[in-house]
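Dear colleague,

I am handing over the structure below, and I would be glad if you could look through it before reading on. My notes come after it.

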Amino acid sequence: MSETTGAGSAAASYKTAGVDIEAGDRAVELMKEWVKKTQRPEVLGGLGGFAGLFDASALKSYERPLLASATDGVGTKVDVARRMGVYDTIGHDLVAMVMDDIVVCGAEPLFMTDYICVGKVHPERVAAIVKGIAEGCVLAGCALIGGETAEHPGLLGPDDFDVAGAGTGVVEADRLLGPDRIRSGDAVIAMAASGLHSNGYSLVRHVLLDQAGLSLEARVEELGRTLGEELLEPTKIYSLDCLALTRTTDVHAFSHVTGGGLAANLARVVPDGLHAVVDRSTWTPGPIFDLVGRTGRVERLELEKTLNMGVGMIAVVPEESADVALTTLADRGVEAWVAGEITDRGEHRSGAALVGDYAV
């Protein structure tokens, strides 16, 4: 018996359903050169396998190696990239969000995998995204050992996409950083953010694009560039800077300032019985933060619990080590300053607080 399709209909295929395998293969070929640039000597094989391989014998030099793992995405910043048609920077954001979480415990980033979901595979576009991820991995000192590109027609529009990633690092057990090391009198060192980084874009897009109707292509004088260029500024990757700091001074803890803002993220590493006090007057947030607050009439506390307000990473070090820490960061081109201190709890509950007003 012969099989028939409906009257007048063409035979169905994966491609007519919206999934183009050949386009996916073309994307893989285009991204290979960028992935190769991230290779470490411990990586085995190349793209095309079912799993990425990393030679764990490299960890034999550790007495008690602890593996650190993290996963994340970049939120609705991808919508700005889509609107701008710029795809080769969003990968920096992804690496930063994953690997700067891993380095917080003192771990060296080892390798990363990515997941790119698209409505329709445009090979050059996917390759550009992977190029950005690969460049970010180089900046973080890790290898990109694999990934997945998924085409979801019907769920996403032809130009829609999202990215996510997972990473692994390693730290010697007796070098693990965190709340147990923090002491009263420690200095809180702030490292400058490169901009909004990758958090709070739902608020930023709502205020600047939806409510105010600003154009991404319009030049904003106070920003010194177009709004789109400002919003797509890649997230600063601090991984190697933080590791350098652990080699020159006795770091007690790091805090990656992401969703929740500075106070909430710093509070995550402050132990019971102690309090972190950060003085707002020690720095001035960049103009993008004022633009969002002023345009949307967003209260300062709302801004501070949503955006990084100009601080992307915190290091907590002994007070006597603060100068060495600042010198190390300055030598690496990282703007940093003493923004506060760790105190006994006193009348405060354990956690972190911002005091004073921003410098103007």
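Predicted model: local features only at pLDDT ≥ 70, side-chain atom pairs only at ≥ 80, totals over all residues.

The protein chain has an average pLDDT of 88, and 85% of the residues score at least 70. Residues 1–6, however, stay under 50, and the model gives this stretch one contact beyond four places in sequence.

There is an open sheet of six strands, which run in the order β10-β12-β7-β13-β11-β14 with mixed pairing. Because β10 (253–256) and β14 (351–355) each have a single partner strand, they stand at the edges, and one side of each is left without a neighbour in the sheet. From one strand to the next, the twist averages 25°. Within this sheet, β11 (residues 274–279) and β13 (residues 336–344) pair in the antiparallel sense over five bridges, and H275 stands opposite T343 in β13.

Helix α7 lies across β7 (187–192), β10 and β12 (311–317), and runs at about 165° to β10.

How do α7 and α11 meet, and at what angle do they cross? The axes of α7 (residues 239–248) and α11 (residues 322–331) come within 10 Å and cross at roughly 140°, and the two helices are therefore oblique to each other. Their crossing is right-handed. On the α7 side the contact involves D241, A244, L245 and T248, which meet V324, A325, T328 and L329 in α11; the residues of this contact divide into five nonpolar, two polar and one charged.

Technical notes. Residues numbered from 1 in each chain as written. Heavy atoms only, no water. pLDDT = per-residue confidence, 0-100. Contact = heavy atoms within 4.5 Å. Axes fitted to C-alpha atoms, helices over the stretch in contact; angles between N-to-C directions. Helix = DSSP H or I, 4+ residues; strand = E, 2+ residues; numbered from the N terminus. Parallel < 35°, antiparallel > 145°, perpendicular 65-115°, else oblique. Left-handed = near helix turned anticlockwise from the far one by under 90°. Nonpolar A, V, L, I, M, F, W, Y, C, P; charged D, E, K, R; others polar. Pairing = 2+ DSSP bridges.
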